Structures are given as C-alpha cells and as structure tokens.
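Take a moment to look it over, and then we will walk through it part by part.

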Amino acid sequence: MSESVNVSGIVLSAMPIGEYDKRLVLLTRELGKIHAFARGARRQNSALLAAANPFVFGTFSVIAGRTAYNLVQASVKNYFLELTQEQPGIYYGFYFLDFADYYGRENLDGTETLNLLYLSLKALLNPRLDDRLVRRIYELRLMTINGEFAPEEGSLGPSAVYTCRYVMQAPLEKLYTFTVTQEVLEELERLADRQVRRVLDRRLKSLEILEAML
C-alpha cells in the first residue's frame, strides 16, 4: 500500500457516492487539483464527516489510488461557516470554488490560486468590502494567474485602468485593501463579464445561480 502524504488545500466540491462515501475535489498547494474518496464520510460517527464539505480549508492526509486519492485524515483550519450562513455571500463563494476548479490541474502548483481563493473567501466576510468588487478582483486576478486576462485599456477610463493594473500586479495580501467608485466598479464588471465569457468553454452552474440570485 502507498504511504500517505499530507497536502494543504481546500475542498472545492463534495459529491455523495454510494450509501456512506463522498468524492471530493481538492485544490492543493503540493499536487494541484486532485480527486479523493472520503470513505464513510457520511456516517454520523465518521472522523471525516465535518471535513468532507465545500469550503473546508486545512491539511489533508491522502493515499494515492489507481484513479484517485483516498482521504484518510484531515486537520481543519477553517470551515468558513460564517460564509455558508450569508446571502448572497454563499453564492459568490460557490462560484469562486467553481472558477478555481475550472482552472485547476493535477500536478500543477496550486499555491497562488489556493492563496487567492482563501483570501477572496475571507474578503467576502468583510462587511467593509462590496461583494461585487471582491468578485471582480478575484476573477481578474485568477485569469491573470492563468495568463488569460487582457486588460482592454483602450475601453477603460484612467481609474479603471489603474485598478486593473493594481489587481494584476499587487501582492495577494494587498488585493482587498481598497474600494472604488460606483462608476469604476461598473467598468470592472463589464470588463470582467467580457473576459470570463471569452475564457470559459462551458457555462458554470454556480455562475448561473449567482446571477439569478442577484
């Protein structure tokens, strides 16, 4: 049997399998996006019951299988429970997970995307920040990380251009330290909508739900 390895990451999605199991998608620093079975995670006495859910961030002990990993232990650092109780914050959160899943690849260093996702979920919990702005910062930076963001500076006003450059280049810990005017936010929304439509090769269900809720 293969030895277990510890990875730091976040649960992007969790799907029931059979009577008691779950199939998880994890975004990890060390292994990129991986699939893992959480055996017995739906049993009330399972040690994995609380950990095998979307938004859970922590350290996961996994063993490589033939087609997926097996989750054997988890040490949770953040459940993001406050987010799951907020509307529309929870819908933004599921979209953020889904967009990270879209770009995730196995054996691709997931450090920058994971850090961005974690900070963005935390930003959704900040009452001083507009969720609409958090969403656009997240989208633009995630597309930048993956080399798919084209600023379109000719179609933007000076303040929006400056904001885009900042979002593209600023240290991650500085991303959610500013606000913008309503006019600039609307420019960013139009820009991000065009860019997301351009890069996606399929419609994200979470995005459809978010836009319906808004």
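Helices and strands here are DSSP runs numbered from the N terminus, where a helix is H or I with at least four residues and a strand is E with at least two.

## Before we start

This is a predicted model, in which local features need pLDDT of at least 70 and side-chain atom pairs count only at pLDDT 80 or more, while totals for chains, interfaces and linings use all residues. Residues are numbered from 1 along each chain as its sequence is written, and side-chain values use heavy atoms, leaving out hydrogens and water.

## The barrel

Let us begin with the strands. Strands of a sheet pair through backbone hydrogen bonds, either parallel or antiparallel. Here, two strands count as a pair if DSSP finds at least two bridges between them. Five strands close into a barrel in the order S1-S2-S3-S5-S4, and the pairing is mixed. On average, neighbouring strands of this sheet are turned by 45° against each other, direction ignored. For such angles, axes are lines fitted to C-alpha atoms (for helices over the stretch in contact), and angles run from 0 to 180 degrees between N-to-C directions.

Now follow some of the pairs. Strand S1 (residues 5–17) and strand S4 (residues 57–64) are antiparallel and share six bridges; Asn6 stands opposite Ser61 in S4. S2 and S3 also run antiparallel, joined by seven bridges, and they form a hairpin with three residues between them. Leu27 has Lys33 in S3 as its bridge partner. S3 and S5, in contrast, pair in the parallel sense over two bridges, and Phe37 has Asn70 in S5 as its bridge partner.

## Inside and outside

Lys77, which lies in strand S5, counts as exposed because its relative accessibility is 58%. Contact means heavy atoms within 4.5 Å. Leaving aside neighbours within four places in sequence, Lys77 is in contact with Phe57, Gly58 and Thr59. The C-alpha atoms of Lys77 and Val56 are separated by 7.8 Å, although the two residues are 21 apart along the chain.

## Helices across the strands

Two helices lie across the strands. Helix H3 (residues 111–124) lies across S1, S2, S4 and strand S5 (69–78), and runs at about 65° to S1.

The loops hold some backbone details. Pro88 lies in the loop between helix H1 (81–84) and H2, and the peptide bond from Gln87 to Pro88 is cis, with omega near 10°. Phe80, in the loop between S5 and H1, has a positive phi near 55° in a residue other than glycine. Phe80 counts as buried because its relative accessibility is 1%.

Asn107 sits in the loop between H2 and H3. Asn107 has a positive phi of about 65° although it is not a glycine, and at 62% relative accessibility it counts as exposed.

## Charged partners

Side chains of opposite charge can pair when their charged atoms come close. A salt bridge is a side-chain nitrogen of Lys or Arg within 4 Å of a carboxyl oxygen of Asp or Glu, and the structure holds 13 of them. In one of them, Glu139 pairs with Arg136, their closest N and O atoms being 3.0 Å apart. Both residues lie in helix H4 (residues 131–145), three residues apart, about one turn of the helix, and both Glu139 and Arg136 are buried.

Glu211 and Arg203 form another salt bridge, with closest N and O atoms 2.6 Å apart. Glu211 is partly exposed at 35% relative accessibility, and Arg203 is partly exposed at 44%. Lys205 and Glu208 meet in a salt bridge as well (3.8 Å, N to O). Being three residues apart in helix H7, Lys205 and Glu208 are separated by about one helical turn. Salt bridges that share partners join Arg135, Arg136, Glu139, Asp193, Arg203, Lys205, Glu208 and Glu211 into one network.

Key. Buried < 20%, exposed > 50% of the residue type's maximum accessible area, 1.4 Å probe, protein only.
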